[in-house]
Amino acid sequence: MRSVPGPRPRHRRDEPVTVAIAGAEFGWGSSGKLSAVLGALRERSGGCPPRIVGLGTGLGRPLLTGHPVASWHDLPDTAAAARDAVAGIVRAQGVRAALVVLDGPVAMALEAAGVPTVFVDSLPFLWTDGDREALPLEAAAYCAQRSVELPAECRGVLAAVRHPRWVEAVVATAPGAATGPGARADGRPYRTALVSLGGLRAPRLADPACYPRVVVPAVLAALAAHGVREAHLAGNLPDGLAARLTAGPAVPPRVTAGPLPHDAFLRRLADCDVLLASPGLTTLLEAGRTAVPTVCLPPQNLSQIFNGRFHSRAVGADVRVTWPGDVLSEEAALALRSGGEDSALELIYGGIARAAADDAPAPGGRTTGDALREGVLAALRRAAGGADWGGLTAAVGTGGAAQVADALLEIARRAPLPA
């Protein structure tokens with residue numbers, strides 16, 4: 001039986017505006033950006049911050065524990081049921097505006113329910129004509145994050161956005177963290193490391209354990225060989241897997257593991273000597289803002305191929321680890337994206353899954369793990385030689401969280417009061 005929404009809340013003009021938030025269930029980048037914008041919103045709302053209602057975003061809720069979200073609402077898996085659920089939540093909660101990061105269907109459902117929506121697109125360089133139907137091109141404000149490069153394939157899609165706003169990188173930093181080119185001194189030995197795997201989940205990813213099973217042992221072995229004494233492994237690793245991956249003999253003397261709320265991650269990032277990250281864009285930008293030496297681990301998905309390349313180009317050093325050719329050809333994955341992101345993801349996920357299932361020696365006698373260990377160690381040595389670690393954020397700016405917050409406040413203030 002379908003539930004019937006309760007009576008609409010009564011509103012006064014001096015009450016906080018209710019804003020719905022949502023982020024894509026694709027790693028933790030969306031939740032990191034929601035956290036950054038909510039922090040900026042609190043600072044810029046003149047003593048009367050909006051009342052926040054969360055939609056979906058089950059994967060990223062632990063990252064948002066530091067923000068006062070009044071209630072969370074799960075959404076059904078099917079598109080039609082999710083649209084109906086969004087409409088019911090809008091009525092019941094008196095939602096007047098919305099902030100959505102990368103979840104196009106939810107943004108479109110909110111707009112269809114009459115809620116002016118600020119959509120944050122942190123990956124505008126990724127899209128082709130095959131992705132048009134999944135993007136909220138009619139959103140009240142489409143905040144596209146500046147990029148190092150915009151390939152020709154995405155320009156037609158972006159030209160169709162009705163209300164575009166280009167914003168700087170949407171990032172946050174830990175309170176008191178040093179920022180800018182002078183925040184780190186190159187040449188000192190790396191003794192503490194942060195290994196970031198991100199959210200490890202995506203809608204079409206069958207087994208989120210495949211990537212860490214292949215990559216983490218190689219990373220820890222390379223860190224130990226480099227002389228790192230202490231490492232933390234951050235990410236939502238499946239139960240029991242972290243203990244197995246960190247128990248081998250070839251690991252640094254002290255290894256801890258576990259997911260970190262966003263503020264705790266930023267503090268750990270600011271304190272470490274080197275970051276090794278599967279190249280999610282939010283993580284790379286946060287590291288760039290505090291000038292942390294960064295090695296990009298092999299990509300988990302299509303956007304991370306672009307991110308790793310952009311990062312190495314911006315910092316002026318080859319600090320990227322790529323997959324062996326028998327696991328994944330990046331050029332083949334990029335060629336498939338003309339049919340939409342899903343075509344490329346099928347190739348990427350398949351290659352990683354095969355590598356996790358069979359780490360037998362290649363014709364040259366090396367396993368995938370051997371090749372990755374050597375690649376990580378070589379990238380660590382190149383990183384220790386120095387780079388412009390703030391180069392990526394210098395290219396795109398760091399004021400995006402405040403810019404998105406301003407757009408949301410502007411839209412919320414002119415939205416009509418619910419009846």
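What radius of gyration would a compact globule of 419 residues have, and what does the protein have? A compact globule with 419 residues would have a value near 22 Å, and the protein has 21 Å, which agrees; the radius is taken over C-alpha atoms, and the globule rule is 2.2 Å times the number of residues to the power 0.38.

This is a predicted model, in which local features need pLDDT of at least 70 and side-chain atom pairs count only at pLDDT 80 or more, while totals for chains, interfaces and linings use all residues. Residues are numbered from 1 along each chain as its sequence is written, and side-chain values use heavy atoms, with hydrogens and water left out.

**Whole chain**

Start with the C-alpha trace, which spans about 70 × 45 × 40 Å along its principal axes. A cartoon view shows 14 helices and 12 strands, where helices (H or I, at least four residues) and strands (E, at least two) are DSSP runs numbered from the N terminus. Buried residues make up 54% of the 419 residues; buried means under 20% relative accessible area, exposed means over 50%, and partly exposed lies in between, with a 1.4 Å probe and protein chains only. Among contacts (heavy atoms within 4.5 Å) between residues at least 6 apart in sequence, 73% join residues at least 24 apart.

Next, colour by pLDDT, the predictor's confidence in each residue from 0 to 100. The mean is 88, and 90% of the residues reach 70 or more. Select residues 1-11, where pLDDT stays under 50 and for which the model has 14 contacts beyond four places in sequence.

**Helix 4**

Select residues 152-159, which form helix 4, and look for Cys154, Val157 and Leu158, which are buried. Seen down the helix axis, these buried residues fall within an arc of 95°, so they line one face of the helix; the arc is that of the directions from the axis to the C-beta atoms. Strand 7 (164-167) is included in what covers the buried residues, whereas Ala152, Arg155 and Ala159 are exposed on the other side of helix 4.

**Two residues with positive phi**

Most residues other than glycine have a negative phi. Select Leu102, whose phi is near 65°, in the loop between strand 4 (97-101) and helix 3 (104-112); at 23% relative accessibility, Leu102 counts as partly exposed. Then move to Ala291, with a phi near 55°, in the loop between helix 8 (281-289) and strand 12 (294-296). Ala291 is buried, with a relative accessible area of 2%.

**Asp273**

Where does Asp273 lie? Asp273 is in the loop between helix 7 (262-271) and strand 11 (274-277), and it is buried, with a relative accessible area of 12%. Show its side chain, which reaches the backbone nitrogen of Arg191 at 2.8 Å; a polar contact is a pair of N or O atoms within 3.5 Å, of which, within protein, one must be able to donate a hydrogen and the other to accept it, and residues adjacent in sequence count only if both atoms are side-chain atoms. Leaving aside residues up to four places away in sequence, Asp273 touches Arg188, Pro189, Tyr190, Arg191, Thr192 and Pro293.

**Gln304**

Finish at Gln304 in helix 9 (residues 302-315), which counts as buried at 8% relative accessibility. Beyond residues up to four places away in sequence, Gln304 touches Ser278, Pro279, Gly280, Pro298 and Pro299.
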